[in-house]
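Below is what I looked up, in the order I got to it.

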Amino acid sequence: MTAMTATPSAVQRDPALRRRIFIIITALVILWPTMVVSEFKPWILFDEQSLAATGRFLADFLVPAHDTEFLQMLVRETWNTVAIATSGLTLALLGAIPCTLIINEQLSISALGTGRMRPVALAVRQTVRWLMVILRSVPELVWALLFVRIIGLGPTAGVLAIALTYCGMLGKVYAEILESSDAHASDTLLANGSGRLAALLYGALPEAASELMSYTVYRWECAIRGSVVMGFVGAGGLGQRMDESLKAMNGAEVSSMLLVFVALVALADQFSKVLRRRLG
Amino acid sequence: MPTYQLQDLTVRHLGGRSAPALQAIKLTIEQGEQLALIGPSGAGKTTLLATLSLSHKPSEGSFNAFGADPWALGEAARHRLRAQLFLAPQTPPLPPRQRVVTAVLAARLPQWSVWRALVSLFKPEDPQAAWQALSRFNLGDKLYSRVDRLSGGERQRCGLARLLLSPAKALLVDEPLSALDPALSELTLTTLREEARARNATLICSLHQVELALSHFPRIVALRDGRIAFDLPREQVTPEMIAALYQGEQPPASKPHDDDAMAVKLGVGACL
């Protein structure tokens, strides 16, 4: 007690304080030029002109556009978007299902009893795996840009972009869902001499049907969102219209379109729920 | 020609240099023979059945099924041989969302083309045969139920009804009675033996109920610690031998994962 009152300055000064102040100043000195280089000027958001524009844009949101001509266009483009997502996903499934069959290790006949696959089987599986990694590591937006360059503006580019990326995703996740579900039924079928496809149909699929289904519907939902983003680069659908409305700062139209997205996602959600209940 | 000829067979669990699960197994089983496999938990009954069904490769010794060494055959030929051997695991291998009729007809998958298998998923190909097989286990009324609506004992009998539809020449049955009451146990064993006799199939059945094994099967093979303790006609099996076989059996709490033909896969990978 006496020692503390004798040296009050030693108690009050935090030994780490000087170091902390130094670090903050250094960080500011280093970061300042980066802010200058990147022209980071947040106060622009709050100058009078910007505030007025933002205000108008947001005020427009309150009353979504609803004149007949616009609504007709909206319905047509929504249908277009749903069609892009659905046909893209269908094409993706055509590629993903065979790939799933190939890379699924649970259905390996050569591993039965030995726990070891034939080198050829292993090599084929690995090749298909790499192919799917390539397909899904390129974002769908990049595929869309590529196809817009090749085949021109329009929904075909969006469909192809979704098909390629989603083929990689669906194949991988399907295979993983199947591999992590209970293998007892399909193993027994294989052990009793069934073929791979038969074991899949009678053993693995009924075991994992509901997970596979809900993942597919979720991906359809993602494809709708994806097709909107791709619309911004000219791949057709609702996205392309939204791009135009955004550039024209037409808040009412953007607002209507956003409402349509919410409705589509809610629809997908409901659909998935009903299907799951039927399968459950 | 004998169904099986095993000479000095050693079987290890897959993945790992662990102690052998089966050692020095010497066994000759003639076509049409019926035998019961008894022994304490973890003695290797399930591993032996998995080996006999070609779903587990032995590591040493000679192994012949229908006069050929299956592990010397090509993969396709070995897989065709698997269709001659029917393994009914202790846990019925039935997906919960499948219908009973589909699960039973799955016995015919090795003979079906993929197209027939697909069509049968939509409209069952031979519901009459499935119904007859189920009726022999008192399950005829469950033909179009879903598997997850069945009780444990019903599922077990449903798995055995699949066996009746399989054209296999050797029937390997793992603990078919573990979920059944005494009356159903009698019915089940009688049905299995009748079926095997009717088509001159070899029947190998692992059992925990020694009295039932002795009353139904002419030949008893006893396993203990992965070795054959005795292999005798039932007349020569004495109560002392049975007592010695089960002596000092470990309490069930510490028994290894042995109640599932496919459990050999469990040793690989991480667990939660």
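Predicted model: local features only at pLDDT ≥ 70, side-chain atom pairs only at ≥ 80, totals over all residues.

**Notebook: strands, helices, and where the chains meet**

I started with a strand pair in chain B: β1 (residues 2-11) and β2 of chain B run antiparallel and are joined by 6 bridges. I picked out one facing pair here, and B:Q5 sits opposite B:T28 of β2(B).

Next I asked myself: in what order do the strands of this open sheet come? I read off β2-β1-β4 in chain B, 3 strands with antiparallel pairing. At the edges I found β2 (22-30) and β4 (60-65) of chain B; each has a single partner strand, so one side of each has no neighbour in the sheet.

**Over to chain A**

I counted helices and strands in chain A and got 12 helices and 0 strands. Read from the N terminus, the elements of chain A are α-α-α-α-α-α-α-α-α-α-α-α. Is chain A spread out or compact? Its radius of gyration is 28 Å, well over the 19 Å that the globule rule gives for 280 residues, so I wrote down that chain A is more spread out than a compact globule. Along the principal axes, the C-alpha trace of chain A spans about 85 × 75 × 40 Å.

I then looked up burial, and 34% of the 280 residues of chain A count as buried. For contacts in chain A with a separation of 6 or more, 74% come from residues 24 or more positions apart.

**One helix pair**

I zoomed in on α10 (residues 196-231) and α12 (residues 251-279) of chain A, whose axes come within 9 Å and cross at roughly 170°. Anything over 145 counts as roughly antiparallel, so that is what I call α10(A) and α12(A). Residues making the contact include A:M213, A:V217 and A:W220 on α10(A), and A:F261, A:L264 and A:F271 on α12(A). I sorted the residues of this contact into 14 nonpolar, 3 polar and 2 charged.

**Where the chains touch**

Last stop: how many residues of chain B are in contact with chain A? I got 32 residues of chain B, against 25 residues of chain A. On the chain B side, α2 (75-82), β5 (85-88) and α4 (114-122) each supply at least two residues. That side of chain B divides into 18 nonpolar, 9 polar and 5 charged residues.

Terms used. Residues numbered from 1 in each chain as written. Chains lettered and ligands numbered in written order. Axes fitted to C-alpha atoms, helices over the stretch in contact; angles between N-to-C directions. Helix = DSSP H or I, 4+ residues; strand = E, 2+ residues; numbered from the N terminus. Parallel < 35°, antiparallel > 145°, perpendicular 65-115°, else oblique. Contact = placed C-beta atoms within 7 Å. Nonpolar A, V, L, I, M, F, W, Y, C, P; charged D, E, K, R; others polar. Rg over C-alpha atoms; globule rule 2.2 N^0.38 Å. Buried ≥ 20, exposed ≤ 12 C-beta atoms within 10 Å, placed from the backbone. Pairing = 2+ DSSP bridges.
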